[in-house]
Amino acid sequence: MSVATRRRARVRVEGTVQGVGFRPYVHRLAGELGLAGYVLNDSRGVLLEIEGSSDAVASFLARVGPDAPPLAVLDSLTVVEREPTGDDGFEIRPSPHGERADVPVAPDSATCDDCLLELLDPSDRRYRYPFINCTNCGPRFTIVRGVPYDRPLTTMAGFEMCDECRAEYEDPSDRRFHAQPNACPRCGPSLSLLDSEGRAVARSEAALPAAVDALRGGAVVAIKGLGGYHLACRADDDAAVGALRARKHREDKPFALMVGSLGDAERLVHLGDAERALLSGPQRPIVLAPRLAEAPVAQSVAPGAVELGVMLPYSPLHHLLLGDFGAGALVMTSGNVSDEPIAYRDEDAVQRLGAIADLLLVHDRAIETRTDDSVARVVASRRPLFVRRSRGYVPAALTLPGGTLRPVLGCGAELKNTFCLARGSRAWVGHHIGDLENYETLESFTEGIAHFERLFAVAPEVVAHDLHPEYLSTKYALERDGVELIGVQHHHAHLAACLAEHGELGTAVGAIFDGSGYGTDSTVWGGELLVGDVGDFRRAGHLAAVRLPGGERAIREPWRVACAWLMAAGATPPRVLRELVPERRWAQVAGLVQSGVASPLTTSMGRLFDAVSALCGLRTVVNYEGQAAIELEAACDPHERGRYPIGLDSVDGVLVIDPRELIREACADVAAGVGAGVVASRFHATIAAVTVDSCSALAEATGTDTVVLSGGVFLNRRLLESACAGLDARGLRALTPERLPIGDGGVSYGQAAVAARRMAAA
Ligand SMILES: [Zn+2]
Ligand SMILES: [Zn+2]
Ligand SMILES: [Zn+2]
C-alpha cells in the first residue's frame with residue numbers, strides 16, 4: 001500500500017456506547033478491514049482512530065454506525081482527518097487516567113438472538129443453561145454493586161470463570177469479550193427448587209422440569225428473575241389464579257402474563273406494530289393491550305379490565321420455562337404480599353413468599369437492586385406511554401436540555417416514587433421505588449440514591465423536592481446537609497418533565513390532571529391548567545374545588561367524593577348509589593361536607609372520575625389505586641357519541657372548569673335508567689372536550705401552539721386519545737411523556753429540570 005493512498009481518521013462517538021460491546025465491535029470491524037489504530041472509552045463516550053487504505057477507512061466510516069451492536073445508541077459520530085503515522089495493529093486501549101466513564105452501567109437486556117440459538121443447540125456447551133449471556137445481552141444494572149463496572153463489583157464476583165469462559169472473556173474478537181456476567185454450567189450460577197419452607201427438593205438440571213410439572217398441575221411457583229421474584233401460575237386455570245389472589249391478598253388488581261412468543265401474545269391481546277416492537281425490544285416491558293374476547297385466560301386474571309398486561313421472556317430461564325411449559329400463558333405477577341415491595345433477597349423471599357408459593361425456583365446469583373418490571377402501553381397508535389419505567393430502561397440516561405450548572409437531585413413524589421440525579425446535560429432517573437409509606441421503601445429510596453451517586457459520580461449540590469411538607473421524600477431533602485434546596489410544585493414538575501423530555505424550552509400550556517399534589521396555596525391540587533416553561537409557571541385555570549370528606553378515606557371510598565359533588569351540584573343521589581351506601585354513613589359524610597371538618601378542598605380531576613364511577617353505581621369502594629376510574633373507562637359504550645354540558649368560566653382571570661351541570665345531568669340519566677356505559681362515555685367525551693377548549697383558549701392567549709397533557713389521570717386511554725385528537729384538529733401540538741411515566745414516576749426528573757433552569761436564570 002502506498003503512503004499516498006493512506007488515510008487516518010479520528011472518530012468521536014457519543015451516546016450509549018459503553019458496556020454494550022462497542023469497543024470489541026470496533027476492534028472486529030477494524031480487523032476485518034485491515035485497519036490499524038486504537039479504540040478507548042472516555043468520559044464523552046468512545047474515541048477511536050483508524051488508519052489504512054482510504055477505501056478501507058471509508059468503508060469503516062460507512063459501516064461503524066449502521067452495524068453497531070444492538071444495545072448501542074449513537075447520538076453523534078464526528079470524524080476528523082489526521083496525519084497518517086504508519087501504525088500497524090489495532091488495540092483496545094485503557095481509558096485515559098483520571099477520566100471516568102459517563103455511562104458505566106447499562107440497563108438489563110433481554111437474551112439476544114445469538115445466545116438464544118446457543119441456548120437451544122444441543123451441541124453447544126451452554127445448551128439449556130439458564131444464565132447464558134454475552135456482551136449484547138443479560139443482566140447489568142441489577143447485578144452491579146459499584147463502579148467501575150467490572151466483575152468483582154457485581155454479584156458474579158463469587159463465581160470464578162473456568163478456562164473456556166475466561167478465554168472468551170479475554171478475546172476481543174469474541175462475543176463475550178468483557179461480558180461481566182459471563183458464565184457456563186461448569187463455573188456459573190445454577191438453579192434450585194425449594195419447598196415453601198426453603199428446603200431444596202431439586203437441583204440444577206432437575207429443578208426446572210420439576211417446576212414446570214408443578215405449574216402444569218396448578219401450583220403457584222415463586223420464580224427468581226432479573227430484578228426480583230415473580231409469582232407464577234398457569235393463566236387458564238381459575239382455581240390456580242384464585243388461590244394466588246387469595247394468598248397474595250390481592251382482590252382484583254390485574255395480574256401480568258408472560259407468553260413464549262409474539263404469536264402467543266396475539267392469541268391474548270390485539271397488537272399493532274408499535275405494540276409488537278415494544279413487546280419484543282431488548283427492554284421487554286409488560287405491555288398493556290386490548291384484550292381479545294376469546295383470550296384463553298381465566299376471568300380472575302384481570303377482572304373488569306379491558307386490557308391485559310403481557311410480556312415476553314427476557315431471561316434465558318424464562319425462555320426455557322415458557323418453552324417447556326408449552327403454548328399457554330403464565331401469570332407472572334410481582335413476588336410480594338399486597339402492597340409490599342417485591343421480594344428480591346433469597347432469605348426474604350422464602351420468608352415472605354413461602355406462604356403464597358408452593359415451590360420456589362431460585363438461583364445463586366444475587367440481585368443487587370430490586371427492579372420491578374416496566375409497564376407501558378401504546379396510545380394514539382404510536383406513542384409509548386409508561387405506567388412504570390424500571391427494569392430494562394434504568395439506568396439509561398435522559399438528556400437535560402440546557403444542562404445543569406451544579407449537580408442536582410430530584411427527590412420525586414410520595415407515591416410511585418422515583419428519584420433523579422443530574423450532572424451536566426445528563427439525568428439518570430432511578431428504578432421504581434414505589435409508595436414511600438413504609439420502612440422498606442424508604443430504605444430502598446435512600447440506598448438507591450446513594451447507589452446512583454456512586455455509579456454516576458454525582459454529588460448533588462442542589463436538592464429539588466415537592467412542596468408537600470409531609471412527603472417522606474421532602475423530609476429526606478430537608479435532612480440532607482450542605483445542599484441548596486429548591487421546592488418545586490408538583491404539577492409544575494409534571495409539566496417540566498414532559499417539556500424537558502421533548503427538549504422544549506419555550507412556553508407551553510399544560511393540562512395536568514392527577515389524584516393530588518400540594519398547591520402553592522397549600523390546598524390539594526389535581527385538575528390544573530398551567531401556563532409556563534421548564535423554569536416557571538402560573539396557574540391559569542383549574543377544576544372547581546370540592547370538599548374531600550374524610551381526606552385520605554375519600555380516596556379509598558369514591559362514594560364520599562360523589563356525595564361532595566352531588567351536594568355541590570344540588571343533585572339528588574341516584575337510587576343505585578344510595579342502595580350501595582348505608583343511609584347513616586351518607587348522612588355523616590354529608591355532614592362533613594357541610595361543615596368542612598376533616599374535609600380539605602381539592603381540585604382533583606382523579607377524584608371527579610371517582611365520583612362519576614360511584615354515582616353510576618360502578619365502584620363505591622376501591623381495592624387498588626385508580627380502580628374506580630379504570631372501571632369507568634372500561635364501562636364506556638363505544639357507540640355513544642353524546643356529551644354533557646360543562647361550565648368553563650373566567651374568574652379573576654383564571655379559568656374554572658365547573659362540572660356541576662354535568663353532575664346534575666349524569667344523575668338524571670342514571671335515575672332515568674340510562675346505562676352506566678352511556679353515562680361513562682358522555683362523561684369522558686365531556687372532559688376531553690373541555691380540556692381541548694380550555695387549552696386552546698390559553699394557547700391562543702399565550703401565543704403558543706404547544707400543549708402538554710400529563711398526570712396520572714391521562715393513563716386513561718380514552719381521555720388521552722380524544723384530547724390529543726381534539727388538540728390536533730385545532731392545529732395544536734399535543735406533547736405527552738413518552739420516555740418517563742405520565743404519572744408520578746416522572747416527577748423527579750421534572751424537579752431536576754426545574755431546579756436546573758432556575759439555577760441558570762439566577
Ligand atoms: Zn447474548
Ligand atoms: Zn465457564
Ligand atoms: Zn402527580
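At 63% relative accessibility, Arg186 counts as exposed, where exposed means over 50% relative accessible area, buried under 20% and partly exposed in between (1.4 Å probe, protein chains only). This is a predicted model, in which local features need pLDDT of at least 70 and side-chain atom pairs count only at pLDDT 80 or more, while totals for chains, interfaces and linings use all residues. Residues are numbered from 1 along each chain as its sequence is written, chains are lettered from A and ligands numbered from 1 in the order in which they are written, and side-chain values use heavy atoms, without hydrogens and water.

**Salt bridges**

Arg186 has a salt bridge with Glu164, with 3.3 Å between the closest N and O atoms. Glu164 lies in helix α4 (residues 163–170) and Arg186 in the loop between α4 and β6 (191–195), so the pair ties together parts that are 22 residues apart in sequence. Glu164 is partly exposed, at 40% relative accessible area. Helices (H or I, at least four residues) and strands (E, at least two) are DSSP runs, numbered from the N terminus.

A salt bridge is a side-chain nitrogen of Lys or Arg within 4 Å of a carboxyl oxygen of Asp or Glu. The whole structure holds 54 salt bridges.

| Pair | N to O distance |
|---|---|
| Glu164 and Arg186 | 3.3 Å |
| Glu631 and Arg619 | 2.9 Å |
| Asp658 and Arg660 | 2.8 Å |

Glu631 and Arg619 meet through their side chains in a salt bridge. Because Glu631 is in helix α19 (residues 627–635) and Arg619 is in the loop between α18 (605–615) and α19, this pair ties together parts that are 12 residues apart in sequence. Glu631 is buried at 13% relative accessibility, and Arg619 is buried at 18%.

A network of salt bridges links Arg6, Arg8, Arg10, Glu49, Glu51, Arg82 and Asp87.

**Backbone features**

Most residues other than glycine have a negative phi, and most peptide bonds are trans. The peptide bond from Val394 to Pro395 is cis, with omega near 10°. Pro395 sits in the loop between β16 (383–388) and β17 (397–410).

His249 has a positive phi, near 55°. His249 is found in the loop between α6 (238–248) and β10 (256–258), and is exposed at 53% relative accessibility.

Asp652 has a positive phi near 50°. The loop between β26 (647–651) and β27 (654–658) contains Asp652, which is exposed at 79% relative accessibility.
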